[in-house]
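Please keep the structure open beside the text and look up each element as it is named.

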Amino acid sequence: MLEKKQNEYEKAVLIGVIHKQQKQEKVDEYLDELEFLTYTAGGEVVKRFVQRIDVPNPKTYIGSGKMMEVEEFVKENEIGSVIFDDELSPVQQRNIEKQLRCKILDRTGLILDIFAQRAKTSYARTQVELAQYEYLLPRLAGLWTHLERQRGGIGMRGPGEREIETDRRIVRDRISLLKDKLSKIDRQMGTQRSNRGALVRVALVGYTNVGKSTLMNVISKSDVFAENKLFATLDTTVRKVVLGNLPFLLSDTVGFIRKLPTQLVESFKSTLDEVREADMLLHVVDISHPNFEDHIASVNPGLKEIGCADKRTIMVFNKIDQYQQEVIEDDDLITVKTSRHFTIADWKKTWMQRMNKDVVFISALNKENLDEFKKKVYHAVRSIHISRFPYNNFLYPENLDEYQ
Ligand SMILES: Nc1nc2c(ncn2[C@@H]2O[C@H](COP(=O)(O)OP(=O)(O)OP(=O)(O)O)[C@@H](O)[C@H]2O)c(=O)[nH]1
Ligand SMILES: [Mg+2]
């Protein structure tokens, strides 16, 4: 497990399905994201196949006609991987592999692959390895039936079954070993956290690639790895930050994504402890992304899952330097105004208005509007601090010049 090296870009094909009430546009957006994931994993997408289908085919996910089309393309263009936007059942994966004779990945497999490639510390590697084995376990039986058939099947059933059992046992043993290892590290980290004393704790959260690490670096003068690929950060970094004279702890951690594999959420729970135990969240959003509202909607359930739904949260809309709305020309009387045409000022009047003081618009990269950002964070942290230590509120005056 885990051996994923960065090599040359491998040719890949994407496959998506449009369900009954879905719009083509939505599926295009999903595939855009899948393409970005593929690129992050080291692949180059050369073609997308999309099929309108209500119920996925239980054998091959897409219909047999479409499969033939894909098969032809894969052969002609020496495609290395075919990547599906949804999770395939072990049976589907096996059937498709047999027909296309190349690597078949689903979204979960792809995300696991990226995590494996990016996990640097032993803690992150252990978490990813655990998720990989958990993904593999239900797929083991499938792998073996596949072999059985290749060998002709007759007379193979006995040993085959036994080998499945042996393999399963090995994987299960490995899983419990990894879990033990993680719980040991967790205990150590728990102690570290409890040693940090009474400082207010603030956590940066949000979708992947929105600029959390960039913002962390800007306000804590630290050097956290940030780049324009998905899941640059897999660990949690904590820094002490001082605004005015008010010190607090700021943490940066792994980002969320739509349909984050359950195995990963499970094994990354402890990485997210810092978020769980935070006093306040800064939910960073890339407002220049056309789907930023979808991104928020996929981060919120993740936060809920780790019990953070009701924490005080400041929404930080980042990358305003890159924000560009679509423009309706004066003589265009057909186009209907939608959110795609909103300026930032228009956005401020939408649901964002209801969050009144807990919204701020910045560019972490160009350091735009950081003063307002700092002011909001200062006041929020201050109010948490003095509710905890009412006797020393004089230390942090409300009307500190800098943060008026
Ligand atoms: N134009 C623009 N780009 C930004 C801004 N902030 C961050 N970026 C870029 O967005 C990309 C992602 O930034 P990161 O800080 O790595 O994002 P992250 O949220 O930590 O991402 P992961 O750790 O991968 O989940 C990088 O290429 C940054 O340079 C901004 O305000 N404007
Ligand atoms: Mg990051």
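1. Before the first sheet is described, one term is needed: two strands are said to pair if DSSP finds at least two bridges between them. Please also bear in mind that this is a predicted model.

2. With that term in hand, one can find an open sheet of 4 strands, whose order is β2-β1-β3-β4 and whose pairing is parallel. At its edges lie β2 (43-52) and β4 (103-106), each of which pairs on one side only. Neighbouring strands of this sheet are turned against each other by 25° on average, direction ignored. As an example of the pairing, strand β3 (residues 81-84) runs parallel to β4 and is joined to β4 by 4 bridges, and I83 stands opposite L105 in β4.

3. Which helices accompany this sheet? Helix α1 packs on the sheet and touches β1 (10-18), β2 and β3, with a direction that makes about 155° with that of β2. Helix α4, in turn, lies across β3 and β4 and runs at about 95° to β4.

4. These two helices also meet one another. Two packed helices are described by the angle between their axes and the distance between the axes. For α1 and α4 (residues 107-118), the axes come within 9 Å and cross at roughly 35°, and the crossing is left-handed. On the side of α1 the contact is made by E33, L34, L37, T38, T40 and A41, while α4 contributes R107, L110, I111, D113, I114, Q117 and R118. By class, the residues of this contact are 6 nonpolar, 3 polar and 4 charged.

5. A further open sheet is formed by 6 strands in the order β6-β7-β5-β8-β9-β10, and here the pairing is mixed. The edge strands are β6 (237-243) and β10 (359-361), each pairing on one side only, and the twist from one strand to the next averages 25°. Within this sheet, β6 and strand β7 (residues 246-252) pair in the antiparallel sense over 7 bridges, with L243 standing opposite L246 in β7. Helix α11 (residues 292-305) packs on the sheet, where it touches β5 (201-206), β8 (280-286) and β9 (312-318), and its direction makes about 150° with that of β8.

6. The most is given by α1, with 5 residues, and by class the lining has 7 nonpolar, 9 polar and 8 charged residues.

7. A search of the whole structure finds 2 cavities of 30 Å³ or more. The largest cavity, with a volume of about 70 Å³, is lined by residues that include F115, V254, G255 and F256, and its lining divides into 8 nonpolar, 1 polar and no charged residues. The second largest cavity has a volume of about 30 Å³, and β5 and β7 each supply at least two residues of its lining. Among the residues lining this second largest cavity are R201, V238, L249 and E274, and the lining as a whole divides into 6 nonpolar, 1 polar and 2 charged.

Methods
Residues are numbered from 1 along each chain as its sequence is written. Chains are lettered from A and ligands numbered from 1 in the order in which they are written. This is a predicted model: local features need pLDDT of at least 70, side-chain atom pairs count only at pLDDT 80 or more; totals for chains, interfaces and linings use all residues. Side-chain values use heavy atoms; hydrogens and water are left out. Axes are lines fitted to C-alpha atoms, for helices over the stretch in contact, and angles run from 0 to 180 degrees between N-to-C directions. Contact means heavy atoms within 4.5 Å. Ala, Val, Leu, Ile, Met, Phe, Trp, Tyr, Cys and Pro count as nonpolar, Asp, Glu, Lys and Arg as charged, and the others, Gly among them, as polar. A crossing is left-handed if the near helix is turned anticlockwise from the far one by less than a right angle, and right-handed if clockwise. On a 1 Å grid over the protein atoms alone, a cavity is a set of points where a 1.4 Å probe fits but cannot get out, and a pocket is an open set with protein on both sides within 12 Å along at least five of seven lines; lining residues have an atom within 4 Å of a point. Grid points are joined across faces, edges and corners, and a volume is the space filled by probe spheres set on the points.
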